[in-house]
Structure formats: structure tokens, C-alpha cells
Amino acid sequence: MLVKTYGSAIMGVSARTITVEISVEVGVNIFMVGLPDSAVKESHHRIDTALKSVGYHIPGKKIVINLAPADIRKEGAAYDLTLAVGILGASQQIKSEEISKYIIMGELSLDGTINPVKGMLPIAIQAKKEGFTGLIIPMENAREAAIVEGITVYGVNNISEVIHFFNEKQKLQRVIINTREEFFSRVNNYEYDFTDVKGQENIKRALEIAAAGGHNVILIGPPGSGKTMLAKRLPSILPPLNLYEALETTKIHSVAGKLGKNSALVTVRPFRSPHHTISDAGLVGGGTFPQPGEISLAHNGVLFLDELPEFKRSALEVMRQPMEDRMVTISRARQTINFPASFMLVAAMNPCPCGYYNHPTQACTCGAGVVQKYLNRISGPLLDRIDLHVEVVPVPFRELSTAKNGESSKTIRERVVIAREIQQKRFYTIKSTHCNAQMSTRQLHEYCRTDEASNSMLKNAMEKLNLSARAYDRILKVSRTIADLEQSEDIRPEHVAEAIQFRSLDRETWGT
Ligand SMILES: Nc1ncnc2c1ncn2[C@@H]1O[C@H](COP(=O)(O)OP(=O)(O)OP(=O)(O)O)[C@@H](O)[C@H]1O
Ligand SMILES: [Mg+2]
């Protein structure tokens, strides 16, 4: 008898339905065709034992399994359940009429338990598009699939539940999520809040500017000055995700299998902080079966690179293109895959190897030229993409214990949102630009006109502080954001004056 079951293959952040045709005939042996990888080929061993443990079996006949379309590689153990149900149907151990109405997926343990698989959200989206009645999938993935409305999602823990369902002996529990409620009830649920940071008003201001204009930032300061603490709180002052962005980010986390048990939707902006020993592929994505990297997991959120000079140069170099395109392209012989990667970069570094260069009270013990050399470990082109350089000076202990709590993230966020709305209007007709940080040189000239007074101030500063030419554009962009925060149409001298402070690493005197 011939039976069709359906699974799904992940390509990038989308899914393609895989048809599994199974025929059980007179004869012996199992034949599997249609580009299965070794994990799929081996699946019949798992399936056989799992079925036996719940009182069923793979029949001792000739079983032909065809996975279509043949040009897509089928990977991993996620098709175990698809194949098992197909074999049971084709050998008439279960009723087969309803089988083809569902996408059925899951990895089997030898005792029949169903383990989670990756990418359930894109799979559910595709299943709905193609008009399937529902999905029968691992319980741990059910909530993630159930945010797609208009398709039935059954979460199962054991293959016996699936068998009883098709044999009409047991109903399955439908998993239902009210996506909007789930989203809006958690949209600003941040773990960390700026109110915990005492003092550091100027740095909070810098981060507010960064958030308002979408500018990349680098925090430079001695150990223990609070760099990590400050960076962790940046997502909490960014404008809240909208539902569309939340879905986009959730898709990437779903494909990477990083959604966390029983979670449904990424509702807050992600904060990713990879260790500096991370591989190039880990950072930007890749691998034999292309997986999203940290820069894609940080999509619509913040990528924090702590101890920036310790990162491998090659890893930082491969980030350049994706930062420009806000997307990573991974090419393989059979396919080219895109992962979105639109993130704000926050980097942190000690100013020098000993950590105390420019420290107000402690002396730096680094030799001549060492500070400059330390800075040179960061790739120039990457530094070029960072608009704000912020020096972090530790708050003295006395103040830490007495100072009042600072402004809450919510209050800061409200100002950021207003500044972003101004930018949205400004760039309404421009497809590739959403915030000031993304302005091209041409847009810069159009939107960042300065008056006579601002111009001469800028000129003075460039000469006096020995700023390099690349600093000029950055200062203009940041001035634009500062003006937006004040809801001022014109860029005024005080806006430029504030922006000039954020170019420490461009000063030719840095490190001498
Ligand atoms: N302004 C502050 N308000 C409250 N706590 C602070 C402040 N600055 C530092 N701390 C405390 O000091 C701890 C150390 O800060 P943090 O780890 O962020 O420093 P760092 O600059 O990242 O240091 P390192 O260079 O060692 O990574 C924080 O966890 C926090 O408890
Ligand atoms: Mg730190």
C-alpha cells in the first residue's frame, strides 16, 4: 500500500514542504531515495525500536521511501515521526485516511518519546500557506508553532499518542496561543533596567543618543567601571519591537533552536554577547547545514562584543559586509541562504592592556606605544562603523553606596521613541534608511545642514583635537540625532558641541 506523509525542510528562515511517499510491498529490505542525509537514512533503526516499545513494528517486507522534491537535502532526525507514521499507515497498522492532512515531525527516542526539532515557526507558517489542516509536532515546540493563527497545532510527547489519534482512540490536546496577547503582555519585559545604574549620567546620555539614532557605540573604560552593566541595559531603551519584528526575530531563534523550552515568541529586543573566542561561523553564521550566527540572533536587537581587541581579526572582518547589508549571505553548492542581521553593535574595551590609561586616580603602567598598539588590534573598517566613542570612568565607591537610583529605562525609552518617530517621517520615502545611523553620504548632506556658527565650531574642533577626516561625517550624524532628541529641526551649535565629545579614539593624540 502507498501512503503519503508530510514533513518540512528549513532553508534559511523559511521552510519547504517535503512529501514522503512510503510503499510497503512483498519482499525484503528498506530503500530510501531522495537525498536523505545519514541521520535520515539511519532513522529506521530508531523508528524500529521506538515502535516496538509501544507494541508496533516495522513490517518485514520491502519498504520503499521516497522523499520529494529530490533536490533538497533532508537533514537530521526531525523526519523520524514523519517516516514512522507513514510506515504504520502503509502497513495498515494505523488508519491512513487523515495522515496526509498534517505536517508530522519530531525526533524519536528509542522508547517512543518525541524530542524537539528546530525551525517549527517557519514550518508552521509554510504549512498554513499550503492549506494543511494542522501540525503534529513535539510538545516542546508546540507553543512556538501555535503563534501562527488559523492552523491547528497538536503537541505530542510520545508516538503512542499519535498512533491512538489516527486510530481514533484518543483525542490530542490542541495548543492555542493568543499571539497578540502573548506579545503585548510581554513586550517591555526587560530583565535589566537603567534605574540600577548609579551616577554615570553622561554615559546614559550617550546610550540614549545611540538608541535614538541607531548608532553603534564603543565603551572604553577600566575593569569594573560598569561597561557590561550599561550595555546589558541598552535593549531596554530601544523602541519596543512591533509584532512583525518580533516574528522575524523569533523565526531566526526558532531555526537556530534557541527559543528555549516552551517559549513562543521573542517579545523583547535580543541582547547577544558572544565570547571573544567565538569562531567566524559562530559569529556570522555558516556551517555545512547553514545556521544563523550571533549577528542574526541579535537581529532587531543588540550585539555586544565585550573586550573587542581580544576578538580574532578575521571574525571582525567577516562582520563588515553583513553590517553594511544588514543581512548575511551564505553560499553553498546547492543553495544560497540569507539570514537577516540588522543589529546595533555595542563594543566594550579596556583602554590599554593594564586597563588604566586615562584613569583619573590610578596610573597606567603600559609602556610607550602600547596603548596605540592595543587600539590597532581593532580593525579600522569596523571602528569606522562606530559612531559614538564613550569613555567610562568608574563611579567612586562612596557615591555608589549613597547615590540615588537613576532614571528608569521606561522614561528614557519614551524620549527615544519620539526621536525615532521624527526619523521615520524623515526617511519615509527611502527604503534602505530607517534611522540617522543608516544615512548615506548623500543623505547626510541633505539632512544634516549646519549653520555658520556650527560649521566654524566643527572646524575649530577638528583642528584643535586633531580629529581625523572620518570623524567629520560621524559627528554630523550624531548631531542630527541629538537635535532630534530635542525635537529641533535645525542642528544647532550646542548639538554639534555635544557630538564632538564622542570621538575619543579618533583623536590623533589618543595613546600618546
Ligand atoms: N554606576 C554603577 N552603578 C551601580 N553599580 C555599578 C556601577 N558601576 C559598576 N557597578 C557595579 O560593578 C560591577 C562591575 O561592573 P561591570 O562588570 O559592568 O564592569 P566592566 O566595566 O564591564 O568591567 P570589566 O572590564 O572587568 O568587564 C557591576 O556588576 C555593578 O554591580
Ligand atoms: Mg565587562
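Pro69 sits in the loop between β4 (62-68) and α3 (80-90); helices here (H or I, at least four residues) and strands (E, at least two) are DSSP runs, numbered from the N terminus. The peptide bond from Ala68 to Pro69 is cis, with omega near 0 degrees. This is a predicted model, in which local features need pLDDT of at least 70, side-chain atom pairs count only at pLDDT 80 or more, and totals for chains, interfaces and linings use all residues. Residues are numbered from 1 along each chain as its sequence is written, chains are lettered from A and ligands numbered from 1 in the order in which they are written, and side-chain values use heavy atoms, with hydrogens and water left out.

**Overall fold**

- The chain's secondary structure comes to 22 helices and 18 strands.
- The C-alpha trace spans about 90 × 50 × 45 Å along its principal axes.
- The chain has 512 residues, and 53% of them count as buried. Buried means under 20% relative accessible area, exposed over 50%, and partly exposed in between (1.4 Å probe, protein chains only).

**Ligand 1 site**

- Ligand 1 is surrounded by 16 residues. The closest are Lys198, Gly224, Lys227, Thr228 and Met229. A residue is near a molecule or strand if one of its heavy atoms lies within 4 Å of it.
- By class, this shell holds six nonpolar, six polar and four charged residues. Ala, Val, Leu, Ile, Met, Phe, Trp, Tyr, Cys and Pro count as nonpolar, Asp, Glu, Lys and Arg as charged, and the others, Gly among them, as polar.
- Helix α9 (residues 227-232) gives the most to the shell, with three residues.
- Thr228 contributes through its side chain: one of its N or O atoms is 2.6 Å from an oxygen atom of ligand 1. A polar contact is a pair of N or O atoms within 3.5 Å; within protein, one must be able to donate a hydrogen and the other to accept it, and residues adjacent in sequence count only if both atoms are side-chain atoms.
- Backbone atoms take part too. A polar backbone atom of Gly226 is 3.0 Å from an oxygen atom of ligand 1, and for a polar backbone atom of Met229 the distance to a ligand oxygen is 2.8 Å.
- Taken alone, ligand 1 exposes 640 Å², and the protein buries 68% of that. Accessible areas come from the Shrake-Rupley method with a 1.4 Å probe; for residues, only the protein chains shown count as cover.

**Largest pocket**

- The largest pocket holds about 1600 Å³ of space. Grid points are joined across faces, edges and corners, and a volume is the space filled by probe spheres set on the points.
- Its lining counts 45 residues. Arg326, Ser342, His434, Cys435 and Gln438 lie nearest the centre.
- On a 1 Å grid over the protein atoms alone, a cavity is a set of points where a 1.4 Å probe fits but cannot get out, and a pocket is an open set with protein on both sides within 12 Å along at least five of seven lines; lining residues have an atom within 4 Å of a point.
- The lining has 17 nonpolar, 14 polar and 14 charged residues.
- α10 (243-255), α14 (320-325), α18 (409-426) and α21 (469-485) each supply at least two lining residues. The largest share, five residues, comes from α18.

**Helix α6 and what follows**

- Six of the eight residues of α6 are buried, and the helix is mostly covered. The buried ones are Ile159, Glu161, Val162, Ile163, Phe165 and Phe166.
- At the start of α6, a side-chain oxygen of Asn158 comes to within 2.9 Å of the backbone nitrogen of Ser160.
- Glu168 follows α6 and has a positive phi, near 60 degrees. This residue lies in the loop between α6 (159-166) and α7 (179-186). Glu168 counts as exposed because its relative accessibility is 59%.

**Other loop sites**

- Asn29 also has a positive phi, near 85 degrees, in a residue other than glycine. Asn29 is in the loop between β2 (14-25) and β3 (30-33).
- Most residues other than glycine have a negative phi, and most peptide bonds are trans.
- Ser91 is in the loop between α3 and β5 (102-104). A polar atom of the Ser91 side chain lies 2.7 Å from the backbone oxygen of Ile87. A polar side-chain atom of Ser91 is also 3.4 Å from the backbone oxygen of Leu88.
- Thr365 is in the loop between β17 (344-349) and α15 (370-376). Its relative accessibility is 68%, so Thr365 counts as exposed.
- Thr365 and Ser479 are 114 residues apart in sequence and 36 Å apart in space, C-alpha to C-alpha.
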